Structure formats: structure tokens, C-alpha cells
Amino acid sequence: MVVEYIKGIGSARFCIFGRLLFRWRGSVYKLLWRDLLVYAVLYTLLSCFYRFYLKDSQKRLFEEVVQQSSKYRDLVPVSFLLGVYVSAVLVRYWAAFLSLPDNTGAAMLLATYIPRDDNRAFEIRSRVVRYINLTYALIFSQMSAAVQSTYPDLQALVNRHFLTAREKDILEEAEERSGVSTQWLPLAWCCQLVQSARDEGFIDTEAAKEALLKKLLEIRRQCGALLDWHQYNVPLVYTQVVTIAVYTYFLFSLLSEQYLDVALQYPRYEADLVVPAFALLELVMYLGLHKVAETLINPFGDDDNSFDFLRFLEEARCHSVRGEL
């Protein structure tokens, strides 16, 4: 579920963003504390090894390695690679968000074009909305582990009133006969119900029927787009290149930021900082950006920045059961 924090910064005040730095859930600290801990432990071990264990001749070799690491650490344009990569991931994340379907528009059109209060009109409206929700459940279960674990099979959907036992049998028989997924079959049922409503006189004009069918096709397009965003990722090679670049950079940083004997007056090593504060800050900035891409590249997961498909389904189901739509 995406972490909400906008309500806490409703107006511009002094250090308003500073308050956000003390949040844990969804924060950079939650993502980075393990990496920071590993870096600090390795840095301390190497520093103690140099200070207290190595002999003079071995120290000269270690100092040469440290200086060479410092010289070539910035050879790879890590900031450029990270910037382009994070931008691509953010564009993909936002496009997936814009593809999230919504049954409210279809429900409003149904209430507008089939306004009667008799049982048959109510049945048509409720079944169309229920079939739309069933389509969501079938699609989301292919993308979200949380939805898949909650609704592992069609019987679970029957238990939660997404479909009836007879409809379950029809879906299973259709999939067995065709050998392909029946995820779009509920939307076909919706289209048939709309046509039946027109034939039975519940929908007065062809324009109203076309508006309903157009809305159903839009839901089909949105669900298809979501599946596409789930199946087609940022090229793996780019993800690998950026990951190798970032972690290699900090491997060189681990060496180049080491303490060297102050008496030798090596350039950039005239003082003993003890704690590599600037290297840690650099790690937070670069690795933080990498973690941003890592969490947003799959918005269909179960971390703090993923879409809450399960809540979406539960709200839609409850509305449908109560007839509020």
C-alpha cells in the first residue's frame, strides 16, 4: 500500500518537509539501514586491519590500493546512469497507476441508462457490476501476490460473492475446452447483458447502449494495459548495469575513503576523520535513488509503495453486495 503523507503537509510552514524525515514506514532509512550497516562494518574492519595489524611494507601496498581506488572511483558516470534509470522507472510506475480501472463510471452509466426500480433492472445493474469486479479479481490475481493468496481459486471468489457456483462451472468448462484463460469472459457477459437490456426495453436508445459498451471496452483496455505493464519490464540488462555500477562504486568508496597515515601527507588524506561522514552521505544519496527504483519497478508487489489491489477489490465487492452501486 502506498504510504500517504500529503495530509500532514497541507500548508507551507517552516521546515514542513523536515517533519517527514522522522517517519519510518516507507522511508529511506527502512530501505537503507542494512546497506549502511554492512558498509560501516566493512569500513571499520578494513580501518582496524590497516591501523593495528599490517606491517609497514604491507601498509605501503594498502595505501597504493586506496589511492588507485580514489583515482578511478568516478570513472563510471553513476549519477547519469541512476538518473536515467530512475526516470524510466517513475514513468512506468505512473503509467501503471493511470491504467488502474474503476467501476464507478460504469455504475453511474448503468444507474443513468437503466433507471427503473423493478427486480429485472436491479438484476441487470448488479450483475454487470459484479462481473466487472470479477474481471478485476481475475486480472489482479495474476499480478498481485496478496490477491493470489486471498483468492487462490474460483471457489474463493464464489465464497466472497464475486460469482455464483454455476458461473464458476461455466468458467472452468470454458477454460478446459479452450485451453486458454477465461479472464475476459465476464466482460463478454457484461456486453451480453447490456444488449439484453436494450432488447427488453430497459435501455431506451442505441446511443445509451453504445455508451455502456464503450465504457466496458475502456475497462478491458485498462486491465489489458495493467497486464502489459506487469509482463513487460524495464530491460533486465539496464537494471543489471545500474546495479553493478552502484555497488561497484561503493566497493571502491569503501577503499578510497579509508584512513591513511597522516604523517605521510597523502593528498586528500591529511586528516583522520574516523567516521566517513561524507561517504555515508553519498551512499544515502546514490543508493537511496537505487532503492527508489527497486521499490517502484514492481508496483504490483506487497511493499510500502505497491498498489493496494486487495483493498480495491474488497471495497468494490462490499459496494456490489450492498447494492450501493
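These exercises, each with a worked solution, cover a predicted model of one protein.

Residues are numbered from 1 along each chain as its sequence is written. In this predicted model, local features need pLDDT of at least 70 and side-chain atom pairs count only at pLDDT 80 or more, while totals for chains, interfaces and linings use all residues; side-chain values use heavy atoms, with hydrogens and water left out.

**Exercise 1. Confidence and fold**

Task: State how many helices and strands the protein has, and in which helix confidence is lowest.

Solution.
- Step 1. Helices are DSSP runs of H or I with at least four residues, strands are runs of E with at least two, and both are numbered from the N terminus. The protein comes to 13 helices and zero strands.
- Step 2. pLDDT is the predictor's confidence in each residue, from 0 to 100. Its mean over the protein is 82, and 86% of the residues reach 70 or more.
- Step 3. Confidence is lowest in helix α13 (residues 309–322), with a mean of 68, and highest in helix α9 (residues 185–199), with 92. Where pLDDT is low, the predicted coordinates should not be read in detail.

**Exercise 2. Burial and surface**

Task: Find what share of the residues is buried, and which residues make a nonpolar surface patch.

Solution.
- Step 1. Buried means under 20% relative accessible area, exposed over 50%, and partly exposed in between (1.4 Å probe, protein chains only). Of the 325 residues, 38% count as buried.
- Step 2. Accessible areas come from the Shrake-Rupley method with a 1.4 Å probe, and for residues only the protein chains shown count as cover. The accessible surface is about 18,600 Å², and carbon and sulfur atoms hold 62% of that.
- Step 3. Patches use residues with over 30% relative accessible area and no salt bridge; like charges are joined within 9 Å, and nonpolar side chains (Val, Leu, Ile, Met, Phe, Trp, Tyr) within 5 Å. Trp 33, Leu 37, Val 38, Val 41, Leu 42 and Leu 45 make a nonpolar patch of about 550 Å².
- Step 4. Leu 42, one of these patch residues, is in helix α1 (residues 28–52). Leu 42 counts as partly exposed because its relative accessibility is 38%.

**Exercise 3. Contacts of two residues**

Task: Is Ser 253 buried or exposed, and which residues does Ala 174 touch beyond four places in sequence?

Solution.
- Step 1. Ser 253 sits in helix α11 (residues 236–256). With 0% relative accessibility, Ser 253 is buried.
- Step 2. Contact means heavy atoms within 4.5 Å. Neighbours within four places aside, Ser 253 contacts Tyr 39, Arg 73 and Ala 279.
- Step 3. Ala 174 belongs to helix α8 and is partly exposed at 25% relative accessibility. Not counting residues up to four places away, Ala 174 touches Gly 179, Thr 182 and Leu 185.
- Step 4. Ala 174 and Leu 185 are 11 residues apart along the chain, and their C-alpha atoms are separated by 9.0 Å.
- Step 5. For the whole protein, 74% of the contacts with a separation of 6 or more are between residues 24 or more positions apart.

**Exercise 4. Salt bridges**

Task: Count the salt bridges in the structure, and work out how Glu 173 and Arg 177 are placed in helix α8.

Solution.
- Step 1. A salt bridge is a side-chain nitrogen of Lys or Arg within 4 Å of a carboxyl oxygen of Asp or Glu. The structure holds 12 salt bridges.
- Step 2. Glu 173 and Arg 177 pair at 2.8 Å, N to O. They are separated by about one helical turn because they stand four residues apart in helix α8. Glu 173 is partly exposed at 39%, whereas Arg 177 is exposed at 69%.
- Step 3. Lys 215 and Glu 218 form another salt bridge, with the closest N and O atoms 3.6 Å apart. Three residues apart in helix α10 (residues 206–231), they too are separated by about one helical turn. Lys 215 is buried at 19%; Glu 218 is partly exposed at 31%.
- Step 4. Asp 308 and Arg 311 meet at 3.9 Å, N to O. Salt bridges with shared partners join Arg 120, Glu 123, Arg 127 and Glu 200 into one network.

**Exercise 5. Cysteines and a backbone angle**

Task: Find how many disulfides the structure holds, and where His 161 lies.

Solution.
- Step 1. A disulfide is a pair of cysteine sulfur atoms within 2.5 Å. The structure holds zero disulfides.
- Step 2. Cys 191 is in no disulfide, and its nearest cysteine sulfur, that of Cys 190, is 6.8 Å away. Cys 191 is partly exposed, at 26% relative accessible area.
- Step 3. His 161 lies in the loop between α7 (154–159) and α8 (165–178). Although not a glycine, His 161 has a positive phi of about 70 degrees. Most residues other than glycine have a negative phi.
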